[in-house]
Amino acid sequence: MVLILFFGVFFYLTIGLIAAVIISFSGIKKLDPAAKEGTIGFKLLIIPGLCVFWPLFVLRMRKGLQEPPLESNAHRNAAQENRL
């Protein structure tokens, strides 16, 4: 059972590493407009996170670039109320 779990995690992370390198160096333009100007150091820095969460980023890449969601907090809500 442990061997099956080990190979499952190894397989998942191997696919994740391949996907992370591809996403980091070519697909980041489709995910975040601010990240497309990132340096090589930034792209290397995000690879571990991409390696773990690669299914989410692959699905997001398939949807394409979307507007980033606006944060909703008390400060932003109060500022909008004062504008009106």
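1. A salt bridge is taken here as a side-chain nitrogen of Lys or Arg within 4 Å of a carboxyl oxygen of Asp or Glu. K43 is buried yet has none. The nearest side chain of opposite charge, E37, is 8.5 Å away. For charge, Lys and Arg count as positive and Asp and Glu as negative; His and the chain ends are not counted. Buried means under 20% relative accessible area, exposed over 50%, and partly exposed in between (1.4 Å probe, protein chains only).

2. The model is predicted: local features need pLDDT of at least 70, side-chain atom pairs count only at pLDDT 80 or more, and totals for chains, interfaces and linings use all residues. Residues are numbered from 1 along each chain as its sequence is written, and side-chain values use heavy atoms, with hydrogens and water left out.

3. What surrounds K43, leaving aside its neighbours within four places in sequence? It is in contact (heavy atoms within 4.5 Å) with S24, F25, I28 and G38. K43 itself sits in helix α2, residues 40–45. Helices are DSSP runs (H or I, at least four residues), numbered from the N terminus.

4. I28 also belongs to the largest nonpolar core. Such a core is a set of buried Ala, Val, Leu, Ile, Met, Phe, Trp, Tyr and Cys residues joined through side-chain atoms within 4.5 Å. The largest share, four residues, comes from α1.

5. A search of the whole structure finds two aromatic pairs. Rings of Phe, Tyr and Trp (its six-membered ring) pair if their centres lie within 6.5 Å; planes under 30 degrees apart count as stacked, over 60 as edge-to-face and the rest as tilted. F6 and F7 have ring centres 5.5 Å apart and planes at 70°, so they are edge-to-face. F6 is exposed at 51% relative accessible area. F7 is partly exposed at 47%.

6. The Y12–W54 pair is tilted, with 5.6 Å between centres and 45° between planes. Y12 lies in α1 (residues 2–31) and W54 in α4 (residues 54–63), so the pair ties together parts 42 residues apart in sequence. W54 is buried, with a relative accessible area of 18%. Y12 is partly exposed at 33%.

7. T39 lies in the loop between α1 and α2. Its relative accessibility is 53%, which counts as exposed. T39 and A74 are 35 residues apart in sequence and 34 Å apart in space, C-alpha to C-alpha.

Methods:
Helices (H or I, at least four residues) and strands (E, at least two) are DSSP runs, numbered from the N terminus.
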